[in-house]
Amino acid sequence: MQTRIGLALAWLVAGSPAAAQGQPPVTITILLYNYAQVPEPELLKTRQVVARIYGQVGVTVEWAECPISPWETSWPAACSATRGLKYPEIRLLSEAGARYAGVGRDALGFALHSGSRGVLANVFWDRVRRLAGAPQRDPGVLLGHVLAHELGHLLLGPGSHCSSNLMRNGWGTRELEWAMRGSLRFLPEEAEQIRFRLLPGSAPGGAAVASLSPPE
Ligand SMILES: [Zn+2]
């Protein structure tokens, strides 16, 4: 955890937008369910972070804010799409939602995928906000990185934790600092795998669960 600064410089080059130049554009639409009622200013930062991280690997991210109550009468057409790699479902949940999900009390989120359908990830806003609060870190920016991590599980498939950077399990102080600096990102091989899996005809992985833990 203390020896990753040098590697970061390599990722800054290999994971740059230039790495995806010349490749066909790939677009995904996140179906967002904001059950935690994350305020719009924070969501704006979250969307910006996710757009930057996925833009670096050649993936354009669009958003559809989907209904969170039966009283809502209109929503984007994309909300009715079949869940899958190109239409991943992300739920922003409160602490109560995290407890209901039955995950460990320190988990920041978790992802579920089963074949090509039913792809979704949960992110726990109250926990992200609490983690951001001490010392002072922007909760919207941190939420964007946690969301990008969980979405990464959906796109990369089972067993997608690695020993460093965005897909590391158990972020340390260094990862949080990188997140605030905008340098927490996918490794080049992860970027390649994401793009491959989004190509038509790519077979997704089997059922699995992966969760992100807080700093060690
Ligand atoms: Zn994870």
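This is a predicted model: local features need pLDDT of at least 70, side-chain atom pairs count only at pLDDT 80 or more; totals for chains, interfaces and linings use all residues.
**Zinc site**

I started on helix α5, where H149 and H153 sit 4 residues apart, about one turn of the helix.

Next I looked up what holds the zinc ion. Its protein donors are the NE2 atoms of H149, H153 and H161, lying 2.0 Å from the metal. Along the sequence, these donor residues follow the spacing H-x3-H-x7-H.

Are H149 and H153 buried or exposed? H149 comes out at a relative accessible area of 0%, so I log H149 as buried. H153 also has a relative accessible area of 0%, so H153 goes down as buried too.

**N165**

I then moved on to N165, which I found in the loop between α5 (139-156) and α6 (173-181). Relative accessibility is 0% here, so N165 counts as buried. What does its side chain reach? A polar atom of the N165 side chain lies 2.5 Å from the backbone nitrogen of R185.

Last, I went to strand β1, residues 26-34. Of its 9 residues, 8 are buried, so I call the strand mostly covered, taking buried as under 20% relative accessible area.

I checked which strands pair with β1. Strand β2 (residues 59-65) pairs with β1 in the parallel sense over 7 bridges. I30 has W63 as its bridge partner in β2. Between these two strands the chain passes through helix α2 (residues 40-55), and this β-α-β crossover is right-handed.

Strand β3 (residues 89-93) also pairs with β1 in the parallel sense, over 4 bridges. There I noted Y33 standing opposite R91 of β3.

Technical notes:
Residues are numbered from 1 along each chain as its sequence is written. Side-chain values use heavy atoms; hydrogens and water are left out. Buried means under 20% relative accessible area, exposed over 50%, partly exposed in between (1.4 Å probe, protein chains only). Two strands pair if DSSP finds at least two bridges between them. A crossover is right-handed if, with the strands pointing away from the viewer, the path from the first strand over the helix to the second runs clockwise. A polar contact is a pair of N or O atoms within 3.5 Å; within protein, one must be able to donate a hydrogen and the other to accept it, and residues adjacent in sequence count only if both atoms are side-chain atoms. Donors are N, O and S atoms within 2.8 Å of the metal (3.2 Å for Na, K and Ca); water is not among the atoms, so sites may look incomplete.
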